[in-house]
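Here are my notes on the model, as numbered points. Please read them with the coordinates open.

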Amino acid sequence: MSLSDLTPILPLLLVSLWAITLLVVDLFVRRKGTTALMAAGGLLLALVVLILQSGDQLAVFNGMLVADSYAGFLQAIFLVTGLLAIAVAHDYLRRMGIERGEYYPLLLFTISGMMLMSLAGDLIVVFVALELLSLPLYVLAGFARPRPESEEAAMKYFLLGAFASSFLVYGIALVFGATGTTNLAGIAGELSGGAGLLLVGAVLVLVGLGFKVAAVPFHMWTPDVYQGAPSAVVAFMSVGAKAGGFAALLRVFIAALPDLAAAWAPLTMGLAALTMTWGNIAAIVQGNIKRMLAYSSIAHAGYILIALPAASLPAAAPGAVSAALFYLFAYLFSNLGAWAVVLAVERLEGGGLQIDDYSGLSRRRPGLALAMALFMLSLTGLPPTVGFVGKFLIFRAALDAGQIGLALVGVLTSLISAYYYLRVVVVMYMRTGEPETRSEGWLNATIGVTALATFVFGILPGPVLALTEHSEILGLLR
Amino acid sequence: MESSILSLLTFFPTLGALLLLGFPKNRDSWIRWAALAVSLITFLLSLVLLADFDRSDPELQMVIRLPWIRVSQLTIEYHLGVDGLSLLLILLTTFLTPISILSTWRAIQERVKEFMIFFLLLETGLIGVFLAMDLFLFYIFWEFTLVPMYFLIGIWGGERRMYAAIKFFLYTMAGSILMLLAIVWLGLRTNTFSVPELIAAGAIPPEIQLWLFLAFGAAFAIKVPMWPLHSWLPDAHVEAPTAGSVILAGVLLKLGTYGFLRFNLSLFPQATVRLAPWMALLAVIGILYGAIVSYAQRDVKKLVAYSSVSHLGFVMLGLFALNPQGIQGAILQMVNHGLSTGALFLIVGMIYERRHTRELDAFGGIWKVMPVYTAITLIVTLSSMGLPGLNGFVGEFTILLGSFGSLAIGSAWFAGLAAIGVILAAIYLLYMFQKLFLGPLDKPENQGLSDLNPRELLTLAPILVLIFWIGLYPRPFFELMAPSVERVVALVNSAALAMR
C-alpha cells in the first residue's frame with residue numbers, strides 16, 4: 001500500500017472517517033439537527049471530491065479496489081441517496097419520538113459500505129462491503145424500538161440477511177476452490193478447476209446478492225421489513241441497498257464470469273421474469289402503502305435484473321450496463337420521492353399508511369398530490385418521466401440481446417403495475433377525504449427536488465445517459 | 001423561422017396551461033375565458049399553418065429537426081413535420097378544443113382550474129401525436145395523451161368514473177406497450193427513429209413486418225377502437241364529461257386510424273397488403289356490430305358511443321382499401337366523424353344539463369319546446385347518417401367507392417356489407433331522433449325545457465357550417481390531402497408488386 005492508493009478512494013475514506021468522527025462528536029451535540037447537518041456536509045464534500053476526481057480511472061490495492069467510472073457513477077448515486085435520506089429523516093425522527101444521534105453515523109457507515117461495494121475488484125471486498133452495508137441497516141431497521149414492528153423488522157432482516165451472507169461466503173469459497181483466486185480479473189482468467197464447482201459457487205453468490213436486491217424468490221423479508229422499519233430508513237434502503245446489491249451483481253457476473261454466461265444467462269433470465277411477475281402481482285392486493293411500495297421495489301429489482309442476461313452477450317453488454325445504471329438513477333428519484341410523500345402523510349402510531357388515507361390529497365395538498373402522481377407515473381414507466389427512459393433503455397438492452405420473451409414479460413408486467421400505481425392516483429384525485437399531512441421545509445424540499453428530477457430527466461436524459469454509457473465496467477479488470 | 005410554427009402550435013396550449021397555473025383558484029370565470037383565449041389562439045396558429053401549407057407538395061413540410069437524446073449509435077430527434085395526412089386532423093383538434101371548452105361553461109363547476117389545465121395539456125399531446133416524425137417522440141406524445149384524459153374522465157366524469165378511467169388507461173396502455181417494443185426493435189435495427197428515414201430504409205423481411213404490423217396495430221386498433229377491442233369505449237364515453245367525450249370521439253379515436261395510416265401502411269407495406277382483407281373484415285364486423293348494438297341502447301350517450309364503433313369501421317375499411325379514393329375518404333371521414341359525433345355529444349350534454357338524465361324513454365315530443373335544438377339535432381343526425389348534401393355522405397360514399405374496387409381487399413362483398421351499415425345507421429339514428437323529439441310531449445318535466453341559449457348556439461354553429469361546407473363543396477379538403485395520399489398508395493403498391 002502506498003499513499004497514492006488512497007487518493008482514488010478519497011470519497012469513500014471521507015465518508016467512513018466522517019462517520020467515525022461524527023459518532024464521537026454527536027456525544028457533545030445537544031441539537032440533533034446539527035448532527036444531521038454535519039452528516040450531510042460530509043456527504044456533500046465527498047460528492048464534490050468524487051466529481052473533481054471523475055476523470056481518473058485507477059485500480060488500487062493490488063486490484064482489490066477498482067476506482068473506475070462505473071464505481072464513480074454508483075458512488076454518486078449512493079451519496080445523493082444519502083443526502084436525500086438525511087433531508088427526509090430529521091423531521092421524521094423527531095416527530096416519531098425516535099430522534100437519536102446515532103442515526104446519522106449509522107447512515108454514513110452503510111453508505112460507505114455501498115461505496116466500497118461499487119469499488120470492489122475482489123470477492124473478499126464484496127463480502128466485507130456487504131457486511132459493512134448490511135450491519136448498520138439492521139440497526140436502522142430497528143431504530144424505532146421499542147415499537148414491536150420495528151424490532152420485528154430488524155430481527156427478520158438480520159436473520160435472513162445473515163443467512164444470505166453465509167450463502168455468499170460459501171459461494172466465494174467455492175469460486176476460490178475452483179479458480180484459486182478471489183480477484184475478479186483473476187477468476188475471469190482462470191477456469192482450470194472445472195466449471196461445475198465454479199458454477200455452484202456463482203449460483204450461491206447470486207443467491208446471496210439476490211437477497212440484497214430483493215429478487216424473487218429471495219424477497220420474503222422485503223414487505224415485512226419495509227412495513228415495520230421506520231419509513232425514513234426504508235426510503236433510504238429501498239434505493240441504496242438495492243443499488244449496492246446491483247453494483248456487485250453486475251460487476252461480478254459481467255467482469256468475472258463471462259465464460260460461464262451460457263449457464264447464468266438463463267438462470268438470471270428466469271430470476272428476472274419471476275421477480276417482475278410476482279412483485280407486480282403481489283403489489284396489486286396490498287392496502288398498506290408501505291407494503292405496496294415494498295412489492296413495487298421487488299418488481300423494479302426484476303426490471304434491473306433484465307440487464308444481467310442481456311449483458312451475457314458481449315456485444316450487448318455495454319448497453320445493458322448503461323441501462324441498469326440509468327434505471328437505478330431513475331429509480332432513485334421516483335422511489336425516494338414516493339417514500340418522501342409517504343413520510344409526509346404518515347402519522348404517529350402507524351396512522352396514515354393505508355392507501356385509502358390518501359383520499360382527497362389533491363384538494364388538501366395539490367403540490368404533494370401532483371408530485372406523488374408524477375412518481376407513480378414514473379414508477380409505471382410512462383412518459384414524460386425518467387422512469388420511462390429507464391424502462392425504454394432496459395427493454396432496448398433485452399431486445400439488443402435478442403431476448404424478446406423477457407422484454408415481453410417486462411412490458412406486460414408494467415401493465416399490471418399501472419393498475420396499482422394508478423390506484424394511488426385515483427384515491428388522491430377522485431375520492432374525497434381529509435388527510436392529515438406534515439409540511440416541513442426539508443421534507444417538502446426533497447419532494448420538490450425529486451419530482452423535478454423525475455420530470456426533467458424524463459425530458460432531458462442526455463447528460464446522465466452519456467455518463468452511464470461512459471461507465472466502463474471492464475476496463476481496469478482486463 | 002418558418003419551421004418554428006409547429007413547435008409553437010404544439011406547445012402553445014402547454015404555455016397556456018402554465019399561465020393558468022398562476023391564476024387564483026376562485027376566479028372561475030377568468031380561468032374559463034383565459035382557457036378559451038388560449039385555445040382560440042392555438043386555432044389561429046393552426047390557420048396560419050394552413051395558409052403556409054403547400055398543397056401540391058406530398059412531402060413533410062415546415063419540418064423542424066434537432067438532435068435530442070443519444071443512445072449509443074442511435075440518435076433520438078425532436079422532429080416535427082406536417083403533410084396532407086395530418087393537416088386536417090390537426091385543424092380538427094384545434095377546432096374542437098375551443099368548442100369543447102365553451103361547452104363546459106355551465107357543466108364544469110368543480111375544480112375549473114385543474115380541468116382547463118388538463119384540457120390544454122391534452123391538446124398539446126394530441127397535436128404532438130399528429131406532428132411527431134420521430135417514433136420515440138411520437139410515443140411520448142401518444143402515451144402522454146392518456147394522462148390528462150384519464151384525469152378528465154376520473155375527476156369530472158359520471159358515477160362510474162373511476163372504473164371507466166382505469167379501464168380506459170389500462171386498455172390503451174396494453175396496446176401501446178407492445179408498440180413500444182416494436183419501436184425499440186426498429187431503432188436497434190436502423191439506428192434511427194426518424195419516420196421518413198425508416199420508410200426510406202425499408203426492406204424489413206416480410207415475416208418480421210407481420211409481427212411489427214401487429215405490435216403497432218395492437219396500439220392503434222385499441223384506440224380506434226376496432227371490434228373486438230372496443231369494450232373500453234362505451235364506458236369511457238358515457239362516464240366522461242361532455243367536453244371529454246367530444247375530444248375523445250372527435251380526436252382521440254383518430255389517433256388510432258391516423259397511426260395505421262402514418263405508420264403501418266408506410267413502414268410495413270407488405271404486411272399491410274397481406275393483412276388488408278383481414279383488417280377489412282374486422283372493419284365490416286365493427287360497422288355492423290356497432291350499428292346493431294347502438295340500436296339496442298336506451299341511454300343516448302351510449303348510443304352515440306357505439307355509433308362511433310360503426311363509423312370508425314368505415315374509416316378502417318377505407319384505409320385498407322389501399323387506393324386513393326379509400327384513403328382520402330377515410331381521412332375525410334375522420335374529420336366528419338369528429339364533427340358530427342362531436343356535435344352529437346354536445347347535443348346530448350345540453351339536454352343532460354337540463355334534465356339530468358339521458359334515458360330515451362324520459363323524453364318525447366320536445367321539439368315543441370325546443371325547436372332550434374331540434375332543428376340542429378336533425379341536421380347533425382342526418383349528417384351522421386350520411387345524407388347527401390351533408391358531410392357524412394361525401395366521406396362514406398368515397399370510402400364505399402374505394403373499397404368496392406379495391407384490389408387489396410379483393411372482394412366487393414365487404415363494401416356491400418358496409419353499405420348495409422349505412423342503412424342500419426339510418427335506423428338507429430332516426431329511432432333516437434324519434435324517441436327524443438317526436439311523439440306527444442307527455443312528460444311534465446319536459447314541458448318547461450328552455451331552448452338553446454346564445455352560448456350553446458355558438459358552440460354548435462361552427463360545426464354546422466363545416467357540415468354543410470364539406471357536404472356541398474368537399475374539393476378543397478380533398479386537395480389538401482391528395483398528394484400525400486398518392487405517395488402512400490404508391491409506396492404500398494410497389495410493395496405489393498414486389499410480393500408477386
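1. Helix 4 and helix 10 of chain A. In this predicted model, helix 4 (residues 103-119) of chain A packs on helix 10 (residues 231-256) of chain A at an angle of about 25°. Their axes are 8 Å apart. Angles under 35 degrees count as roughly parallel, and helix 4 of chain A and helix 10 of chain A are therefore roughly parallel to each other. The crossing of these two helices is left-handed.

2. Residues in that contact. Helix 4 of chain A brings A:Leu107, A:Ile111, A:Gly113, A:Met114, A:Met117 and A:Ser118. Helix 10 of chain A meets them with A:Phe236, A:Gly240, A:Ala243, A:Gly244, A:Ala247 and A:Ala248. By class, the contact has eight nonpolar, four polar and no charged residues.

3. Cis peptide bonds in chain A. One cis peptide bond joins A:Arg145 and A:Pro146, with omega about 5°. A:Pro146 sits in the loop between helix 5 (123-141) and helix 6 (148-179) of chain A. Another cis bond joins A:Pro383 and A:Pro384, and here omega is about 0°. A:Pro384 belongs to the loop between helix 16 (366-380) and helix 17 (386-400) of chain A. Please look at both loops when you go through the backbone.

4. The interface between the chains. How many residues of chain B are in contact with chain A? The count is 25 residues of chain B, against 26 residues of chain A. On the chain B side, strand 1 (61-71), helix 5 (135-144), helix 6 (146-156) and helix 7 (161-190) each supply at least two residues. Helix 7 of chain B gives the largest share of that side, 14 residues. By class, the side of chain B that touches chain A has 20 nonpolar, two polar and three charged residues.

5. Helix 18 (residues 404-430) of chain A and helix 6 of chain B have axes that come within 10 Å and cross at roughly 50°. Angles from 65 to 115 degrees would count as roughly perpendicular, and those under 35 as roughly parallel. Helix 18 of chain A and helix 6 of chain B are therefore oblique to each other. Their crossing is right-handed. From helix 18 of chain A, the contact uses A:Val426, A:Tyr429 and A:Met430. From helix 6 of chain B, it uses B:Phe151, B:Gly154 and B:Ile155. By class, this contact has five nonpolar, one polar and no charged residues.

6. Strand 1 of chain B pairs with strand 2 (residues 74-82) of chain B in the antiparallel sense, over eight bridges. B:Leu66 stands opposite B:Tyr78 in strand 2 of chain B. B:Pro67 has B:Glu77 of strand 2 of chain B as its bridge partner. Two residues lie between the strands of this hairpin, and B:Ser72 takes a positive phi near 40°.

7. Positive phi at B:Met62. B:Met62 is not a glycine, yet its phi is positive, about 50°. B:Met62 lies in strand 1 of chain B. Is B:Met62 buried or exposed? The cut-off for buried is 20 or more other C-beta atoms within 10 Å. B:Met62 has 20 within that distance, so B:Met62 is buried.

8. Positive phi at B:Asn191. Phi of B:Asn191 is near 60°, again a positive value in a residue other than glycine. B:Asn191 is in the loop between helix 7 and helix 8 (195-201) of chain B. B:Asn191 is partly exposed because 14 other C-beta atoms lie within 10 Å.

9. The loop at B:Asp299. Where does B:Asp299 lie? The residue is in the loop between helix 12 (269-295) and helix 13 (300-319) of chain B. B:Asp299 has 15 other C-beta atoms within 10 Å, so B:Asp299 is partly exposed. Not counting residues up to four places away in sequence, B:Asp299 touches B:Val238, B:Arg358 and B:Glu359. B:Asp299 and B:Thr357 are 58 residues apart along the chain, and their C-alpha atoms are separated by 8.6 Å.

Note on methods:
Residues numbered from 1 in each chain as written. Chains lettered and ligands numbered in written order. Predicted model: local features only at pLDDT ≥ 70, side-chain atom pairs only at ≥ 80, totals over all residues. Contact = placed C-beta atoms within 7 Å. Helix = DSSP H or I, 4+ residues; strand = E, 2+ residues; numbered from the N terminus. Nonpolar A, V, L, I, M, F, W, Y, C, P; charged D, E, K, R; others polar. Pairing = 2+ DSSP bridges. Axes fitted to C-alpha atoms, helices over the stretch in contact; angles between N-to-C directions. Parallel < 35°, antiparallel > 145°, perpendicular 65-115°, else oblique. Left-handed = near helix turned anticlockwise from the far one by under 90°. Buried ≥ 20, exposed ≤ 12 C-beta atoms within 10 Å, placed from the backbone.
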